[in-house]
Amino acid sequence: MGLAGSRPDERGATVAIRATIWNEYVHERRDAPVAKIYPNGIHVTLGEALREHLGDEVEIRYATLDQPCHGLTTEVLEQTDVLLWWGHVAHRDVSDEVVADVVERVRAGMGFIPLHSALKSKPFLTLMGTTCRINYRHDERELLWTVNPGHPIAQGIPHPVIIPEQEMYGEFFDIPAPDELVFISSFSGGEVFRSGCCFRRGSGRIFYFSPGHETNPVYHQPEIRRIIANAVRWACPDEAVPEQRYGHAPAGWFETS
Ligand code: ZN
């Protein structure tokens, strides 16, 4: 357990952030151009990015679609402070039971970072309550502009970040208005997109970040790696959320119990 971490435990001691990186892990095993960019899977590259920027501040666990419970058992989720999620072609193969557990954990305080095409993942769709539909087109230059320079996720990030080749995601992006917007993107074809959006659902913090198309080496780019590491720090719950009282409340219950 790293002492340099930033998550306080129940007694206020500082312990490492427990990050679980979930990847459907289909393209990398099926499509040669993707395997060339991410030979060990997108999840491992993301893990390396977290290690690079957070060092001992983070404990990393990997989970993939093909594992029992997709690697996300109740036990794993209970031991996760921040869940990162990359999915694209296999959204429908994710079990509704696992999705319900993920959503419940987010509402109870677990951070959630859906990346790129995870905008159509079941947990994100459930947490947003909208279609999350977009326009898209391949192989454009993306400029990522910071619109909230004081935000913790924007710390140390140049303005703009130039991504030489990336899939264009364009508005309208059918999401609820974000609680905080950190980045917007513009593309060589002219479209704009809300590319870095913060939401709160229950006690959980959510950061949707759009760069990361599988045939472009976006997760090898230093500024993108820093943004994702910053987001893990931001999304980690500050402290355990205390149990709340719910239900019928007889008059004066707070005086007698
Ligand atoms: Zn894509």
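Where does phenylalanine 172 lie? Phenylalanine 172 is in the loop between S8 and strand S9 (180–187).

1. Basis of the note. This is a predicted model, in which local features need pLDDT of at least 70, side-chain atom pairs count only at pLDDT 80 or more, and totals for chains, interfaces and linings use all residues. Residues are numbered from 1 along each chain as its sequence is written.

2. Overall content. The protein chain has 8 helices and 11 strands; helices (H or I, at least four residues) and strands (E, at least two) are DSSP runs, numbered from the N terminus. Its radius of gyration is 19 Å, close to the 18 Å that the globule rule gives for 257 residues, so the chain is as compact as a globular protein of that length. The radius is taken over C-alpha atoms, and the globule rule is 2.2 Å times the number of residues to the power 0.38. Along the principal axes, the C-alpha atoms fill a box of roughly 65 × 35 × 35 Å.

3. Of the 257 residues, 44% count as buried. A residue is buried if 20 or more other C-beta atoms lie within 10 Å of its own, exposed if 12 or fewer, and partly exposed in between, with C-beta atoms placed from the backbone. Among contacts with a separation of 6 or more, 69% are between residues 24 or more positions apart; a contact means that the C-beta atoms of two residues, placed from the backbone, lie within 7 Å.

4. The sheet. An open sheet of 9 strands has the order S4-S3-S5-S6-S11-S10-S9-S7-S8, with mixed pairing; two strands pair if DSSP finds at least two bridges between them. S4 and S8 stand at the edges, each with a single partner strand, so one side of each is left without a neighbour in the sheet. From one strand to the next, the twist averages 25 degrees. Axes are lines fitted to C-alpha atoms, for helices over the stretch in contact, and angles run from 0 to 180 degrees between N-to-C directions.

5. Antiparallel pairs. S7 and S8 run antiparallel and are joined by 7 bridges, and asparagine 135 has glycine 170 in S8 as its bridge partner. S7 also pairs with S9 in the antiparallel sense, over 5 bridges; here tryptophan 145 stands opposite isoleucine 184 in S9. S9 is in turn joined to strand S10 (residues 192–201) by 5 bridges, again antiparallel, with serine 185 opposite phenylalanine 193 in S10.

6. Helices on the strands. Helix H3 (residues 42–54) lies across S3, S4 and strand S5 (82–86), and runs at about 175 degrees to S4. Helix H5 (residues 96–107) packs on the sheet and touches S5, strand S6 (111–115), S10 and strand S11 (204–209). The direction of H5 makes about 115 degrees with that of S11.

7. Nonpolar core. The largest nonpolar core has 66 residues, and those with the most contacts inside it are Val82, Leu84, Ile113, Phe207, Ala231 and Val232. Such a core is a set of buried Ala, Val, Leu, Ile, Met, Phe, Trp, Tyr and Cys residues joined through C-beta atoms within 7 Å. Helix H7 (residues 222–235) gives the largest share of this core, 8 residues. Leaving aside neighbours within four places in sequence, valine 232 is in contact with residues including Ile17, Ala19, Val82 and Ile113.

8. Backbone points to check. Most residues other than glycine have a negative phi, and most peptide bonds are trans. The peptide bond from glutamate 171 to phenylalanine 172 is cis, with omega near 15 degrees. A cis bond also joins histidine 159 and proline 160, with omega about 0 degrees; proline 160 is in the loop between strand S7 (135–146) and strand S8 (161–170).

9. Positive phi. Tyrosine 25 has phi near 55 degrees and is placed in the loop between strand S3 (17–23) and helix H1 (27–30). Tyrosine 25 is buried, with 24 other C-beta atoms within 10 Å. Histidine 70 likewise has phi near 55 degrees, in the loop between strand S4 (58–64) and helix H4 (74–78). Histidine 70 is buried, with 22 other C-beta atoms within 10 Å.

10. Alanine 240. This residue is in the loop between H7 and helix H8 (253–256). Alanine 240 is partly exposed, with 13 other C-beta atoms within 10 Å. Alanine 240 and serine 203 are 37 residues apart in sequence and 9.8 Å apart in space, C-alpha to C-alpha.
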